[in-house]
Structures are given as C-alpha cells and as structure tokens.
Amino acid sequence: MDQFFKYCPDLKNKFPSNYTLVSKMIQSFVSSAIEAKNLGKLGVKFAKGHTKYTLTDDHFQGFASALVDTIQSRLGKFGTIELIKIWRATTEGIIKVYLIQYQ
C-alpha cells in the first residue's frame, strides 16, 4: 500500500488504517486479471466497485506503477529489465481497459 500512496497520496484517507483487507483485495484483483479471459467483464466489475471514489487517470496510472514496483521488489535479483518491461506493459494494458470501463 505504501507504494500506491507514494503515487496517490490523496487517496490515503479513503482507506482503512488496517490494510489487511485491502491487500487481500489487491491480491484477488491481480489473480483475476492474470486469469481473465475477458478483461472487459472484469473491468466492469472493477468500475462498479470504485465509482464512489471519483478516481482520475492519475490514480489508475499510480496503481499500475505501484503494482510494477511491488512486483519488481518481490522478484529481487530475478527481476531483469526485460521482465519488468513486460510487467509494466501488461499492467498498463490492464489499467487502460479498466479506465475505459470506469469512465
């Protein structure tokens, strides 16, 4: 969560102080996105669940960047430049689909 708030500090007060539930939701989101056969459907579900937050393009980009930072941190020495580029392109692609559904 700290990675996300680095990019989107204005959203910190919208989250509970205990990030356990939020972390589980993000893990579920990542698993669902990886396994999704139809990102549009998943995007609609995501958009409906987030409309009350008045998110901007910057928030979506912040989420994508934080996700890549987290993946890079978890991969450690196995996170080659090429692999991180693939993850960045993948997360940006997913976020674009979700942003379209959100709007």
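**View 1. Helices of the predicted model.** The protein has 5 helices and 0 strands, and from the N terminus on its elements run α-α-α-α-α. Helices (H or I, at least four residues) and strands (E, at least two) are DSSP runs, numbered from the N terminus. This is a predicted model, in which local features need pLDDT of at least 70 and side-chain atom pairs count only at pLDDT 80 or more, while totals for chains, interfaces and linings use all residues. Residues are numbered from 1 along each chain as its sequence is written, and side-chain values use heavy atoms, with hydrogens and water left out.

**View 2. Overall dimensions of the protein.** Along its principal axes, the C-alpha trace spans about 40 × 35 × 20 Å. The radius of gyration of the protein is 14 Å, which agrees with a compact globule, because 103 residues in such a globule would give a value near 13 Å. This radius is taken over C-alpha atoms, and the globule rule is 2.2 Å times the number of residues to the power 0.38.

View 3. Thr91 lies in helix 5, which covers residues 81–102. With a relative accessible area of 3%, Thr91 is buried, a term that means under 20% relative accessible area, as against exposed at over 50% and partly exposed in between (1.4 Å probe, protein chains only). Leaving aside residues up to four places away in sequence, Thr91 touches Ala64, Leu67 and Val68, where a contact means heavy atoms within 4.5 Å.

View 4. Of the 103 residues of the protein, 30% count as buried. Among contacts with a separation of 6 or more, 67% are between residues 24 or more positions apart.
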